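Subject: Structure handover

Hello,

Here is the structure you are taking over.

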Amino acid sequence: MNVGKYGKALLASIGVFAATLFTNMNMFHEFTFAFLYGLIPAISAFVLLVAKRITPLRRAVYLIFTFILWFGFDLIALHERGSLILPVGKLGQTGTVILPCPATIPMIFFGWMAYGQEVFVPGSKVIFPTTFNLFLIVFGLMLLQGVLLGRGYCGWSCLFGGFLEATASGRSYGKPVKLTLEKILKKPSNLASEKEKTGLKGLFGVREEVKDVKWGFLLAISLISTIALRPIFCEICPSRVWNDYPNPASGAYFWLSISAIVGLFVVFWFALPLLTRKKLWCNAICPLGAFVGLLGMLSPFQVKIDREKCNDCMLCARVCKEYAMTADRVAGSGKAAFECTKCGRCIDSCAQGAIDVYLRGTSKKVRSWFIPISLIFTFTWLSVFVWAIVTMLPSML
Amino acid sequence: MLTILMSGLLLGLGVGTSCMAFCTPVLVPHIVADHRGGKRGLFTSTIFSLGRLVAYLTYALALGVAGETLSGGIQSSASPMLIGMGALLIIYGVSISYGHYIWPNVTSRMCGHFSSHNSTFVLGVLMGLTPCLPLTMAMAYALTLRELPASIAFFTFFWLGSSTYTLALGGATGAIGQLAVARMQAGRIRRISGIALSVVGILFFSEGLKFLSVFSS
C-alpha cells in the first residue's frame, strides 16, 4: 500500500519537475537555474502527497510564494521607475507597458470584447497599458488554471491570498467575530454542540446571502471598467498598500483612493481575518475570486464528504476559512460549496478520513492529480518574479 | 434646420456608446432585478429613455432661454447631481439586496416603489440630468445655436440617436435576466443586482465628492 503511495508521489513529482522545467527554460535562459528551480515544486509535491496533512506545507509554500512575489513586484517598480508611487498619468503614457495583474483580467476582457484590440495600443483607448501578447499570456494562464482548478487558484497561488492566509491563520471556531483573546485561543471540542452548530449559521458565518456580494461587485466593476476604459478595481485594491500607491499630487483622487485602499486593507485583510480566522474578503467580496469561481464551474476537481464515513462532528465546517463547507452541506450533499479553495484544511481535520478531492461526478479520488497541477501553476506564476529578482537585484545593490 | 437635426442624430449615434456606457451600470442591474424578459427589458429601457428625454428637453429649454449664463451653472451642478444620484442608488441597491434584513418594514414598501415604472422613469430623468461627456458635448453644440426651437430639435434628435443603443441593451439584458432566473432564484438575482447598484452608487458618490473638491479649489 505504502509502496503504491510513494510510487504515485514520485511519479507526480517527476511530472511537476518536467512541467516546471519546460515552462521556465525560456524564462531563465540557464539550464542549471531552471533545473534547481524545478526541484522545489517537485519536492513539495512529493512531500504533500505522502504527508498526513496538507495544510502546513501548503501554507509555507504559499507564504513564501507571496513574499517573493511582492518583493519581485516592488523590485520591478523600483527598477523601472525608481518609486513605489504610481506617477500621475503613468497609465496613459505612450510606451508604458505593465504586466497585467490577473485581477484586472475580467475588467480588461470586457473592454477588449467591446472595443477590440486597439485598446492595447498605448496612447489611444488605453484600458490597461500592456501589450496584446502579455495580456494573452496572463489571460491564457488564468483561463487554464481557472477551468482546471476553479477556486483552487485562490487556495494555492493567488497573488493576494498569501497575506490573508497569514492573518486568518489559526483555528477557526465556527462563530464569526471573536473579540476576546480567551475565545480566540479556545480550541474546538471534538463534536460540535447544538450551540456551535447554530453559530455556524450566523450572519458573517455561513449565510449564502453574504457570499453574493462578490457577484454584484464583479458585475458592477466589470460594467464600469468596460465603460471607463480602465480596470476600476485597481483604484481601491487593498494590495496597493505596499505597491503602486496613488500619487499625493493627484489631489482629491489620491485621498479618495488611498482612503479606500487603506480602509479595505485594515478591515478585510487585517482586522476581520484576525478576529474571525475566516477569509471574508475572499469568499464575499473579491472579484477575482468570483471570476475564477465562474470558470471553476468547469473544473474536474470537487471536494466532498463520504457520507458513509462522516460522523457529523462539523470540524470541517469549523476549520473551513471560506464558508465552503457549511453545516447544511455536511448534513446534505456533502459537497463543498462553490467558494471552496481546495486548501485541504477540511481534509486534514477529518479524523474519519471522510473528505477528499474527487473527480467531479464520480467517486474517484484525484488528490494526486490536483496537488501537482496546483504546484505547477504556482511556480509558473512565481517564476516571473524570481526572474525579476535574479536579474534586477544584483544591479540595484 | 435639417443640418441641426442631422447633427443631433449623428452626435447621438456617434457618442451613443459612451452615453450608453454611462447608463449601463444603472440600467442593467435595474432591469435584471425587476424587469426580466426581452419585451419587458425593452419596455423598461424605453421608459428609462423617455426619462432621459425629459431631462434633455429641460436642458434644451434652459440653454435656449438662458444661454451661456447657465452653462457654467450646469457644469458645477455635476457634483451635487452625482452625489445625489449616488446616494439614491446606494439606498435602492441596499433595499433590494439586504434591506429586508436591515429594515424589513420599510423595505417592502420601498422595493415596491423602486420596481415600478415610475421609478424607472425617475431614474432616467436623474441619469439624463447628471452631466456626462456626451451630454457636455451636446450642450456645447446647443449653446452655439442660440435659438430655443433649434435647441429643442437638436436635443430631441440627440436623444433619438443616443437611445438606439440603450433600447437594444435593455432588450438583451432583459432576455439574459430571464435566462439567469432559470438557473438561479429570483431573490438571489435581485440581491446581486442590488449589490451592483450599490457599488455603482458608491462610485457616483465618490466621483461627486471628487468634482466637489475640483470646483471648490
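Predicted model: local features only at pLDDT ≥ 70, side-chain atom pairs only at ≥ 80, totals over all residues.

Residues are numbered from 1 along each chain as its sequence is written, and chains are lettered from A and ligands numbered from 1 in the order in which they are written.

Chain A has 16 residues in contact with 22 residues of chain B (C-beta atoms, placed from the backbone, within 7 Å). On the chain A side, α11(A) gives the most, with 10 residues. Helices here are DSSP runs of H or I with at least four residues, and strands are runs of E with at least two, numbered from the N terminus.

α12(A) has 25 residues and bends by about 30° at Phe265(A) (the angle between axes fitted to the seven residues ending there and the seven starting there). Its buried residues include Phe265(A) and Trp269(A); buried means 20 or more other C-beta atoms within 10 Å of the residue's own. Just after α12(A), Arg277(A) takes a positive phi of about 60°.

The largest nonpolar core has 132 residues, and Ala220(A) is among those that touch the most other members. Such a core is a set of buried Ala, Val, Leu, Ile, Met, Phe, Trp, Tyr and Cys residues joined through C-beta atoms within 7 Å. Leaving aside neighbours within four places in sequence, Ala220(A) is in contact with Pro25(B), Ala196(B), Val199(B) and Val200(B).

Regards

Definitions and conventions: Contact = placed C-beta atoms within 7 Å. Expected span 1.5 Å × (residues − 1). Buried ≥ 20, exposed ≤ 12 C-beta atoms within 10 Å, placed from the backbone.
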